[in-house]
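Here is a short walk through a protein assembly. Keep the structure open while reading.

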Amino acid sequence: MANILVIADIKDGVLKGSTAELLSKAKQLGAKTAVVAIGSNIESLTSELAAAGSDTQYMADDPSLALFSAGPYAACVVEAAKAFDANMIWFGFSETGKTVAPRVAAQLDAACATEITDVTLDGEQIQVVRPAIAGKVIQRIKVNTQILVAVVRAGAFEATAGLTGTENAVKLAIPAADLRAVIKEILSDASGDIDLADADIVISVGRGAKDQAGIDLVKGLANDLGAGFGSSRAMVDSGLMAHNKQVGQTGKIVAPSLYMAMGISGAIQHLAGMTGSKTILAVNKDPEAPIFNVADYGIVGDLFEVVPILQEEIKKIRG
Amino acid sequence: MKILTTVKKVVDVELNIHIENGAIIEDGLQYVINAWDENAVEAAVQLKENNGAETTLVSIGGDDNIDMIRKCYAMGIENGILIDDPSLTAPDSAVFAKVLQKVYEKGDYDLILTGKQAQDTDSGQTGIMLAEYLDVPCVSNVIAIEVIDETKISVSRLGDTGTEIVELTLPAVVTVSDSINEPRLPAMRGIMMAKKKKIQTMDLAELGTTPDEVGAAKSEIAEFMKSETRQAGQKFEGDAAEITAQVVALLASEAKVF
Amino acid sequence: MSPLLMSALLIVGLAVFGRTMYFKIRLLMALEPTNRADHITQRLKNMVVIAIGQKRLVGRKREWASGIMHAFIFWGFCTLIIRSLTLYGEGFIQGFQLPFLGDEFLIGYLYVCLKDIMEGIVLLMVIYAIYRRAVLKPSRMHNTKEAYLVLGLIGILMISDLLLDGARYNLIVLHHNPGDLHFFNNPRFGHEFLWTPVSVGAASLISGLGSAATGYLLVAMFWLHITTQLIFLNLLPTGKHFHVITALPNVFLKSLGYPHERSKVLDLEDEAAWEDESLGLNHIHQLNWKQGLDLYTCTECGRCKEVCPTYTTDKPLNLLDFNDSLKFELLENADNLIKRAALAATLKDADDPEKIEEIKAAMAELNSKKPLIGEVISEDALWACTTCRACEQVCPVTIEHVPRIIAMRQGQTLMAEAYPKELNVAFKGLERNGNPWGIGYDKRADWAAGLEVKTMADDADVDYLLWVGCAGSFDDRSKKVSVSLVKILQKAGISFAILGTEEKCTGDFARRAGNEMMYQMVAQENIETLNNYKVKKIIAACPHCLNTLKNEYPQMGGNYEVIHHTQFIAQLVSSGKITLKNSLEGSLTYHDPCYLGRYNSIYDEPRSILQSLSKEGLTELDRKGQESFCCGAGGGRMWMEETIGKRINLDRAEEIADHKVATLAVACPFCLTMLEDGMKELNKEEEIRTQDIAELVANNMA
């Protein structure tokens, strides 16, 4: 039986969905589960962490950990991993995860794999599956060490409903701050907008929206649905949409239940960011646009005409 | 300031990758500099031009890395090291990081610049592991670098909550995002002069280490598989009101989204 | 009249003129060499048709009136040279006549008549010219004092000679010739003044003067004419009227075969060239002598500006100023350049290596240090050019504007690294994957999937190689044209193959953007591939590919028979291999691509095809054929953003839309993209369908 340690994904004091997804998979593999939660004022999350499917909660709760710092975060994870005697240490897909995982692996002399989409455990043999070469191929990787540190691709695992765990909080020692890398300032990403990574529905705008008027129009639809609002690279490059809204190979990779591409042609770089979505709806004036090659439902039309109709039709259905 | 940049040769991701019997068919593939490392090289050259830094690059591979190194010379890198050793056949990120650690220790560098990930593996681990081995701070996904003085730099990084401005004490490792700059095209004049420049080639022994010390890869690629491409679904053309209503109905009934 | 005075005037006038010309010629000889001594017959023909025949003025529908005006002033000048010689002779010997032109010969009378009428016409033309300048004020012209001065001087020349003959008439006929002046009076041909109505008319204007006054007037007019002429002669080299002397040689020496001087295949390995910055055109001393002559010859008429697609859409490329700025720079450096040439001559005799170094160093010192781009020509002006050649086509004195621009771009790209960085994406793509989009080279033949098209690798034993080009291979819209063309070739049973993934961009845009390195790289690779397959005949669907393959690859060892797809289709039709149905509905017009028309003189074949296809026939645009208006994509501009002024493709699209046609036919993938985009912007893409000729033929074949 394996011991799988999941790093809790906490943002602004809120526990994100990826934690439950990772824990569900761990339970599916028949493993003992634990989470490590790092931050400030996160004591209250213990029960939630347990409910998400963890049997032990390693807590590193201190004001010094309020802002992300790779060194201390890695140290906490390593402490928890050692205490838990973890075979696998999983991070959700985030900058934090991508930054801390390799450090943890280096400290534990463990194998490290990022963006994994599946894990199998055959006795002691761990294998993972992950995309490579800009998603053109899939690798099946055999791990040759006892321990694997992994970063899990967004939406790779599904949360099992009705999962339970045990409340069993363990306090971790608080590591010293790393004064060699200090965050001086954070220029935060807008506006209380819904996090693209978490949203169940994501709606993105492309060149077809043309200008602010078009953007506002599509934003209206996003607001109606409580959806995350994203963008193609073109709109970010032209300055109309913020950088952190970019969905694509070099931006955010999302995998919501429903992805709506409005006025987006479907360049490969964009597709790389959203083909993991469950259902894709595309609206584009050009019937030959490559987006239609991946869309489950495609509407050939002018988004300025279609969006208001969508809003109406959806209202009718959802009430 | 002395800068060490790492460059990796990767397969050109614009090409179709064909797989047979679990392996990639090499025929017809061409290899190019890792795009993110190209950003790192550009960042290094800019620091040379603006702050008088001294630049060195290191690459791990064989003779076919030489063209790539010369291109980097043409961009403005002053020194180049090629680590060529028969034992390095299927290195993973940790192995690369260990070799780079040895390269670092042989020199006297203040800043290590590397791309945040490689286009063939998309792993993003090497730079960070290197920092861990060297016990120096590291910031990844950096979009801007500013030199404060001989011992400190300030970098902007795309984090989860926003853009973080981080003050780093040197020596440090910085992995760069493609948003940091637009790599210049190697200058014609530079290409001419690069032809004559020397590249320092070393194997592990000359580097002062052994295959055992570097260690074996901690994981191996068992198999390559074709990635499932999404197929086109249903496309609707015609009266906007009609087809939109149709699609919404399908989203509810078929896709069960609403 | 007065041999002393005549001698004095002639000696002084001609000596000054000679000296000026001597220095002007020495300056040209101090510039870089170029070979223009070939094909004398062809050159003479050009000179006769274009320069003497004034073809580009008289033969141009637009501004035909001013064309006639100038033509007559010029022809007048030519005829009056003989008159001038007679007058000089008269200065020495009273009654001097040139051989065969005296009153024993009919030719003599005919000449006298011709001279008289010409003088009248020239005077009228001069008045018209002044009226145009002062009242009509065409925007292309620079209204300078020099212009009015010259017109004034020509006017004086005409008036003085007419009054001279008028006075003669009055003295001879009215006052019974007291001074015994010579005049024609051959019994066979009659009295001289029967043949000179205009002089007689002039005479009547001054008939009021008495005999003595008329006599003084005659003498005054004589010396006024002579002096004015000699002053005028000496004024010519100082300004735009130098063209009076240099235009004929300039047209004689114009490029043959290819419409302008081909770019040199630069030796990029030559380190010395890197050292003294002689790759490309960076400093004024790097012009060749023909380019110097071009600068002397610019008449400042401004026609180049008027037809330039960039100037008319408010970009800073003003070709008249371009010529003027370079000329000014050249003249500023004249002394140094002449000194340098003198030093170069001593190099031949120097055998001591130290002495040679010394001379070379001294020569380098005399080089112009001033960079042309930035200080003489602005960067925006340089990069705005689409290399469409409209300027060269319309220039009445055949100045070659475009090669200078490309040579300057070479310098900027290779030496100064100061080129629009947006080109980097295209350059990188070209280098890595042989196409400016950077799409994987392995996908180059994907467009042909399922069409049963052979590649040369499959079977090189075919009659034709179909050169698809980057757009035809990768651009979604242009791929449809490739498919149509294949349909046509297969219908006609033509044996052909494509290179498929072995094809690379011909390098056209790289060359036009001055990137000789990139160009040579792909050209070399393509030529190797083509020669390995022993390719003889190539059909190209893109005029840019056509032009490079046909006219530039021979410079690097690639010699092939290249034909444009419209020419080939026309051949197929005339040989009966395919039949066109006259079934295209609606009105139709055709946009002449620059690289098909002005670069390769292919205007008729596309039209003959379209005429056969269209029920309603072909409507012509105003700016058509040789005066076609560029779509804006040439010269590498396809890969750059247009940020200054109005969009060129929009201007052309508007012109086309005004004709309210149902179909716009094109023959180039750039034009297809740019004009279709233009129509989309005007929201007329449903109303006016932009189609390549191949598509129209494929859809209307029997």
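**A loop, a helix and an interface**

C:Asp180 sits in the loop of chain C between helix H6 (145-174) and strand E1 (185-186). Helices (H or I, at least four residues) and strands (E, at least two) are DSSP runs, numbered from the N terminus. The model is predicted: local features need pLDDT of at least 70, side-chain atom pairs count only at pLDDT 80 or more, and totals for chains, interfaces and linings use all residues. Residues are numbered from 1 along each chain as its sequence is written, chains are lettered from A and ligands numbered from 1 in the order in which they are written, and side-chain values use heavy atoms, with hydrogens and water left out.

C:Asp180 has a positive phi, near 55°, and is a residue other than glycine. C:Asp180 is exposed, with a relative accessible area of 59%. Here buried means under 20% relative accessible area, exposed over 50%, and partly exposed in between (1.4 Å probe, protein chains only).

Chain C also holds C:Leu124, in helix H5 (residues 106-136). C:Leu124 is exposed too, at 56% relative accessible area. C:Gly155 is 31 residues away from C:Leu124 in sequence, and their C-alpha atoms are 9.0 Å apart.

Now turn to chain A. A:Ala134 is not a glycine, yet has a positive phi of about 50°. A:Ala134 lies in the loop between strand E9 (125-132) and strand E10 (137-143). A:Ala134 is partly exposed, with a relative accessible area of 27%.

Next, chain B. Chain B has eight helices and 15 strands. Of its 258 residues, 56% are buried. The C-alpha atoms fill a box of roughly 70 × 45 × 40 Å along the principal axes. One peptide bond to look for is cis: B:Leu170 to B:Pro171, with omega about 0°. B:Pro171 lies in the loop between strand E11 (162-169) and strand E12 (172-176).

How do chains A and B meet? The contact (heavy atoms within 4.5 Å) takes 79 residues from chain A and 76 from chain B. The area buried between them is about 6,600 Å², and carbon and sulfur atoms give 56% of it. Buried area is the accessible area (1.4 Å probe) that two parts lose on being put together, summed over both. A:Ile133, A:Arg180 and A:Tyr297 supply 12% of the area that chain A buries against chain B, more than any other three residues.

The interface of chain A and chain B has seven salt bridges. Each is a side-chain nitrogen of Lys or Arg within 4 Å of a carboxyl oxygen of Asp or Glu. A:Glu95 forms a salt bridge with B:Arg157, with the closest N and O atoms 3.8 Å apart.
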